[in-house]
Amino acid sequence: MSARRAASSLLSRRLIARPPAVSSASDSAPLGAGSARGLLPGAIHRFSAAPAAAAAATEEPIQPPVEVKYTKLLINGNFVDAASGRTFPTVDPRTGEVIARVAEGDAEDINRAVAAARRAFDEGPWPRMTAYERCRVLLRFADLIEQHAEEIATLETWDGGKTLEQTSGKEVPMVARSMRYYAGWADKIHGLVVPADGPHHVQVLHEPIGVAGQVIPWNFPLLMFAWKVGPALACGNTVVLKTAEQTPLSALFVANLLHEAGLPEGVLNVVSGFGPTAGAALSSHMGVDKLAFTGSTGTGKIVLELAARSNLKPVTLELGGKSPFIVMDDADVDQAVELAHRALFFNQGQCCCAGSRTFVHERVYDEFVEKAKARALQRVVGDPFRRGVEQGPQIDGEQFKKILRYVKSGVESGATLVAGGDRAGSRGFYIQPTVFADVEDEMTIAQDEIFGPVQSILKFSTVEEVVRRANATPYGLAAGVFTRRLDAANTLARALRVGTVWVNCYDVFDAAIPFGGYKMSGVGREKGFYSLRNYLQTKAVVTPVKDAAWL
């Protein structure tokens, strides 16, 4: 460890000895439309080590120019109150204040939603209409998403804290693209005729599986809606979707648009609620034929167990990760630093496939660390509604406190804190972009999924060493490789035990590219052709053939 980094580490231990308390949420927050001019560039401040230098500390939050229209449960085509009458708050992570109160679904509401979905599948028109008609509904839905893009993006930013540039420029267009992709598949799902050893005609049919239960996370609620609902509906299924309690608003909004596009009642039902109540009820429901879950590995284990103990429904899981980002000695260091920065800090670090273990070859390690530090100190933290802001707040107080505990753990374990390490500002759930150097494999920050803006930089010497260390994790979701050598890229791409390897790029998501993990990062794949398999049953139909002209 260099003397300069050692001194930095000593200082960081003092700074983080007593992390500040989290701002308490108020009972209510003013709603209503603000001026759209508030979304134009304001005073943007770069983060630095000086107190209160971040934009989050010096700017009043912009009032979003959007009205919260849908806060009830969507069951059988209607927005209804929870059976219990209870509601819960969804909170603005910029301030900790309440945006709106949302109906709190529980087991009784899941029962109502599953009953509606079952009727829609057994008796309704959706699985019985032509595949082309289903295609047209999904295409109309994609058009409506684009027509309401600004409103959807604003809701997603307000409820989740991600930047408006991210939601409007990337995520909402990706949702529309995904729905068009699955609309295109609707009338291209077909079976086979296979030869048999005898006078029999054999058909292989691919049928909709029935009622699909789906649980989406808070970090990408819109995208996960598209990744799950799109293939399920294209295959002719009906759906009961549970939103994350932190971010229920965007899914309710786009679900209404789907009905405007012509979706029959009962085909899509949306229940907002909590995991131990609504989520557990959906996972263990005997009337659900298939389950899809995105979230933490720990919760995924519970979901899988509940599904097995009920009716052995098949389960697709997209879970956690501790993805390696490997920088070889031939890399352009400036480019590698920028790509590694984006791989980790994208979406405030709240990404299952974040490149959270940055492995850097020893020949370029010191240069990389200094430039990674400089890039983190330049990162713009502030109100996600302002142009130019790169990083908004973490999702809530619980996540905020958890990340700061991991930072403290890194300091106490001997890693060198070279940037960040504290909250940004005094309001909301903002955290400084944080970089650790001299990280060792056995440290908690190198093993656990932090799910925040904390970059850990590790040193390696050989390809064989970095493969062994990169694979020494229970996770296997994704990896990044940065090198000019084709042989090194091919070796690493095949040796890494992960579901996706990005070579000289990162976080490239396309509707046709399958996504999922090895080991404890999940079961099955989302997106692309492979996701259709999750929502289809395979049936063989065998018929005798007499006096056949051919077999």
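Student: How many of the chain's residues count as buried?
Tutor: In this predicted model, 56% of the 551 residues in the chain count as buried.

Student: And how many helices and strands does the chain have?
Tutor: There are 17 helices and 20 strands.

Student: What about contacts between residues 24 or more positions apart? What share do they account for?
Tutor: They make up 75% of the chain's contacts with a separation of 6 or more.

Student: Okay, what's the accessible surface of the chain?
Tutor: About 22,000 Å², and 53% of that belongs to carbon and sulfur atoms.

Student: Let's look at helix H3. What should its residues span?
Tutor: H3 covers residues 107-122, so at 1.5 Å a residue its 16 residues should span 22 Å. The C-alpha atoms at its ends are 22 Å apart, which agrees.

Student: Which residues of H3 are buried?
Tutor: Asp-109, Ile-110, Ala-113, Val-114, Ala-116, Ala-117, Ala-120 and Phe-121 are. Looking down the axis of H3, you'd find its buried residues within an arc of 160°, so they line one face of the helix.

Student: Why would residues three or four places apart point the same way?
Tutor: Because an α-helix has 3.6 residues a turn.

Student: What covers the buried residues of H3?
Tutor: The cover includes strands S1 (73-75), S6 (200-208), S7 (211-215), S8 (238-243) and S9 (268-272), along with helix H9 (275-283).

Student: Which residue caps the N-terminal end of H3?
Tutor: That's Asp-106. One of its side-chain oxygens lies 3.2 Å from the backbone nitrogen of Glu-108.

Student: You mentioned S7. How many of its residues are buried?
Tutor: Five of its five, so to speak: S7 is mostly covered. On one side sit Val-211, Gly-213 and Val-215, on the other Ala-212 and Gln-214, and all are buried.

Student: How do the side chains of a regular strand sit relative to the two faces of the sheet?
Tutor: They alternate between the two faces.

Student: In which sense do S7 and S8 pair?
Tutor: They pair in the parallel sense, over five bridges. Val-211 stands opposite Thr-238, which is in S8.

Student: New topic: where is Ser-356?
Tutor: Look in the loop between helix H11 (333-345) and strand S13 (357-361).

Student: Is Ser-356 buried or exposed?
Tutor: Ser-356 counts as buried because its relative accessibility is 8%, and the cut-off for buried is under 20%.

Student: What does Ser-356 touch?
Tutor: Leaving aside residues up to four places away in sequence, Ser-356 touches Lys-322, Ser-323, Leu-344 and Ser-456.

How values were computed. Residues are numbered from 1 along each chain as its sequence is written. This is a predicted model: local features need pLDDT of at least 70, side-chain atom pairs count only at pLDDT 80 or more; totals for chains, interfaces and linings use all residues. Side-chain values use heavy atoms; hydrogens and water are left out. Helices (H or I, at least four residues) and strands (E, at least two) are DSSP runs, numbered from the N terminus. The expected span of a helix is 1.5 Å times one less than its number of residues. Buried means under 20% relative accessible area, exposed over 50%, partly exposed in between (1.4 Å probe, protein chains only). The arc is that of the directions from the helix axis to the C-beta atoms. Contact means heavy atoms within 4.5 Å. A polar contact is a pair of N or O atoms within 3.5 Å; within protein, one must be able to donate a hydrogen and the other to accept it, and residues adjacent in sequence count only if both atoms are side-chain atoms. Accessible areas come from the Shrake-Rupley method with a 1.4 Å probe; for residues, only the protein chains shown count as cover. Two strands pair if DSSP finds at least two bridges between them.
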